[in-house]
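Please open the structure in your viewer and keep the selection panel at hand. The stops below each say what to select and what is there.

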Amino acid sequence: MNTKPSRKTTSAPAPVEQVRTGLSAPSIAQDCRDNLYYLLGRFPQVASRQDHYLALAYTVRDRLLQRWIQTAETYLARQSRTVSYLSAEYLLGPQLGNNLVNLGLEEPVREAMTSLGLNLDDLIEQEEEPGLGNGGLGRLAACFLDSLATLQIPSIGYGIRYEFGIFRQAIVDGWQVERTDKWLRLGNPWEIARPEIYFDVPLGGHTEGYHDHAGNYRVSWVPDRLVRGVAYDTPVLGYRVNTVNLLRLWKAEATEAFNLSAFNQGNYYGAVLDKIVSENITKVLYPNDDSPQGKELRLQQQYFFASCSLQDMLRLFRQKDGDVRGFHLKYAIQLNDTHPSVAVAELMRLLVDVHQLSWEEAWEITRHTFAYTNHTLLPEALEKWSISLFGRLLPRLLEIIYEINQRFLDEVRLKHPQDPDLPARVSLIDEHGERYVRMAHLACVGSHQINGVAALHSDLLKNGLLRDFHQLWPEKFGNKTNGVTQRRFLRLSNPRLSKLITSRLGDAWVKDLDLLQGLEPLANDPSFRAEWRQVKLANKQSLATWIENRTGITVRPDSLFDLQAKRLHEYKRQHLNILHVIARYNRLRRHPEGAVPRTVLFAAKAAPGYQMAKRIIKLINCVADVINQDPQTHSLLKVAFLPDFNVKNAQVIYPAADLSEQISTAGMEASGTGNMKFALNGALTIGTLDGANVEIRDRVGAENFFLFGLNTQQVHDLKASGYRPADYYESNAELKEALDQIRSGHFSPHQPDLFTGLVDSLLQRDPYLVLADFAAYSACQDQVDAAYRDPEHWDRLSILNTARMGYFSSDRTIKEYCRDIWNVQPEPVELP
């Protein structure tokens with residue numbers, strides 16, 4: 001019997017996973033070891049926790065860069081229309097944990113770190129908070145970057161690489177103390193320096209007119225000095241997509257960092273003077289502008305990053321197209337508030353003076369390129385620069401602004417002859433007293449769209465602050481209610497709640513927040529409410545430990561956690577909150593029976609030059625000292641001020657809150673996003689009809705929102721009729737007692753007159769109607785107590801709050817910008 005020899009069958013070899021891009025735990029562990037050895041020059045036996053954090057950060061960055069390069073190649077090949085987001089600040093928060101969530105690598109990385117004898121949570125905790133932002137404006141910009149990448153929208157964020165953040169807040173003897181935020185002292189593994197990408201920015205000097213070869217009149221700017229802007233790039237990854245967009249930040253340097261001739265002559269200071277002066281521009285976020293030098297530095301910052309960003313966009317555009325007349329077809333530039341609005345005049349300068357376009361061509365391009373988001377209703381917050389400062393620092397831009405203004409006002413006079421005062425009201429130049437450049441007016445005139453950031457805010461802009469511009473161009477105005485990214489502020493910061501939600505709904509909600517509606521039926525399920533309650537209690541226990549470690553104050557996790565966490569400003573009314581705390585304390589001392597235990601927590605930074613805000617922080621801490629040491633109320637009321645509020649700390653605070661204090665004077669807050677973050681994490685809101693509170697209440701239901709206080713119209717009417725705060729003081733015994741205690745030194749016995757000025761301000765002026773709203777606020781807090789006494793009822797309300805917050809995702813906001821303002825489409829990125 002003949003048989004054929006058998007053939008061995010061989011299967012194709014399994015693909016070898018690349019160590020630098022592999023997603024398995026072994027590949028990640030090996031890459032981490034390699035980075036520890038070859039990038040950091042360390043071996044495990046001597047490596048510090050910082051070394052291990054850096055090694056892991058570089059390991060994660062390797063996987064970002066693979067996607068970043070593919071994203072850039074895709075955009076270049078397709079010549080994608082691109083959003084350029086100009087913002088003076090980006091409050092990014094720590095990057096490691098967020099990137100692991102977006103990559104879907106939490107478990108493989110945790111396994112890899114365990115195999116190396118490391119704890120992933122410790123390494124995440126090691127990361128510094130990037131000092132690139134301060135408050136809601138910067139955090140909104142960071143949320144937008146996350147959503148742009150997740151939605152696969154081609155985009156670049158432009159801003160400033162501040163060497164030092166605004167400040168680290170310490171509390172010393174109850175006072176805020178500002179300490180240098182040296183966030184870069186140990187390096188930043190997420191950024192890539194691009195020394196080959198730089199632009200020179202002119203400052204000072206004078207202008208000279210001339211005629212070009214075609215006989216056209218032209219202007220040349222002859223500056224006193226040039227400052228060089230050097231690019232630093234940070235990758236921004238979307239959630240479970242391959243898109244990695246770019247955040248490009250500019251660092252200021254001298255064009256000649258060292259004057260050897262001066263050094264050789266013994267002038268050692270002069271040898272580095274230009275370097276020192278130039279680098280000051282990007283030293284500190286929001287330098288104190290109480291002094292003329294501070295104002296000049298702020299204007300330098302704004303012009304510096306606007307000019308660098310526009311020059312960079314023109315450079316990128318000309319890589320494929322030498323004719324800048326199509327610039328507005330490639331780029332949609334969004335001005336995040338008035339800080340970058342000088343970009344309108346700078347783009348005109350670059351197009352007319354550098355690229356030699358006619359004025360008419362350049363203006364057509366400019367006004368179709370820019371859109372403007374307004375973030376404030378406070379007239380004093382709309383930036384104005386004195387003509388003397390602006391002309392001395394930016395002489396050519398002042399000429400351009402004069403020309404824009406003249407042409408604009410000629411058009412206004414022609415179309416609206418019946419209103420002779422209109423030109424003065426809308427002029428880019430404020431002619432009352434000392435003359436100023438009105439930057440918000442420049443943004444309005446130079447943009448094709450103008451939006452507010454909440455429905456109420458947008459209406460108030462159209463009918464108040466920017467009323468004249470709305471009457472000129474009603475078609476320009478719209479609303480884009482702010483949102484927050486659920487990836488950071490629920491999925492990352494509240495893993496217990498995320499796990500519970502995912503166990504019932506799956507994980508698609510992380511990319512589509514509207515799916516949280518699926519929680520609504522579960523609000524009626526007793527077993528689910530019990531699980532929800534346990535998650536909240538565990539989060540409160542974590543915060544209680546955090547509070548004790550940082551302040552030494554012990555709090556009851558089973559008490560109602562009442563949180564007010566936001567920038568400290570009188571219109572946000574932290575002092576209304578503390579007045580109620582004092583009244584509550586006085587009540588408890590008289591009648592403690594049946595009281596709901598409460599822990600009242602404040603977290604806020606005051607601007608360094610804002611003395612009244614800093615005194616309110618001192619008052620909060622003085623009140624806390626008295627209340628927390630009183631044995632009669634010790635178990636029923638605690639007060640704590642949580643220092644150095646930032647994104648990293650907020651990720652511990654938001655998940656633990658039972659009650660969210662959103663108590664600003666109606667008509668003062670543009671939107672707010674803290675209100676959204678608290679509600680998303682199951683906190684109930686006590687608030688006024690201000691900012692996005694109005695829309696939150698509409699979405700979650702009036703029965704799930706503790707409403708109090710005057711509305712916007714009532715605030716206006718009360719002020720117009722002659723508001724007398726002393727009348728409210730005299731007619732409310734609890735309010736009178738609290739204010740008298742503050743003024744008498746009850747809470748500051750070693751300095752009895754410490755808060756006299758604060759009390760006098762409330763009794764004589766009270767510009768934010770604290771006393772007018774006190775009674776309603778106090779009564780509303782009684783409603784909170786009544787609801788909290790019934791845990792089943794409270795948990796049901798908490799679940800419904802989270803379930804109905806889908807609208808407030810920044811993904812929804814960005815989709816609206818893309819559709820209504822930017823006219824951009826997603827560009828999916830595929831890995832080869």
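This is a predicted model. Start by selecting helix α21 (residues 526-551) and helix α32 (residues 791-803), whose axes come within 10 Å and cross at roughly 80 degrees. Angles of 65 to 115 degrees count as roughly perpendicular, so α21 is roughly perpendicular to α32.

Next, show the side chains at this crossing. From α21, select Phe528, Arg529, Trp532 and Arg533. From α32, select Pro791, Glu792, Asp795, Arg796, Ser798, Ile799 and Thr802. Coloured by type, the residues of this contact divide into 4 nonpolar, 2 polar and 5 charged.

Keep α21 selected and go to the second largest pocket, to whose lining α21 gives the most, with 6 residues. The space in this pocket is about 1,300 Å³. To find the centre, select Ile124, Glu125, Ser493, Gln651 and Val652, the closest to it of the 40 lining residues. By type, the lining has 13 nonpolar, 11 polar and 16 charged residues.

The last stop is a sheet. Select the 3 strands of an open sheet with antiparallel pairing, in the order β12-β14-β13. Which strands stand at the edges? They are β12 (384-386) and β13 (429-430); each has a single partner strand, so one side of each is left without a neighbour in the sheet. Zoom in on β13 and strand β14 (residues 436-438), which pair over 2 bridges. Here Ile429 has Val437 of β14 as its bridge partner.

Conventions. Residues are numbered from 1 along each chain as its sequence is written. This is a predicted model: local features need pLDDT of at least 70, side-chain atom pairs count only at pLDDT 80 or more; totals for chains, interfaces and linings use all residues. Side-chain values use heavy atoms; hydrogens and water are left out. Axes are lines fitted to C-alpha atoms, for helices over the stretch in contact, and angles run from 0 to 180 degrees between N-to-C directions. Helices (H or I, at least four residues) and strands (E, at least two) are DSSP runs, numbered from the N terminus. Angles under 35 degrees count as roughly parallel, over 145 as roughly antiparallel, 65 to 115 as roughly perpendicular and the rest as oblique. Contact means heavy atoms within 4.5 Å. Ala, Val, Leu, Ile, Met, Phe, Trp, Tyr, Cys and Pro count as nonpolar, Asp, Glu, Lys and Arg as charged, and the others, Gly among them, as polar. Two strands pair if DSSP finds at least two bridges between them. On a 1 Å grid over the protein atoms alone, a cavity is a set of points where a 1.4 Å probe fits but cannot get out, and a pocket is an open set with protein on both sides within 12 Å along at least five of seven lines; lining residues have an atom within 4 Å of a point. Grid points are joined across faces, edges and corners, and a volume is the space filled by probe spheres set on the points.
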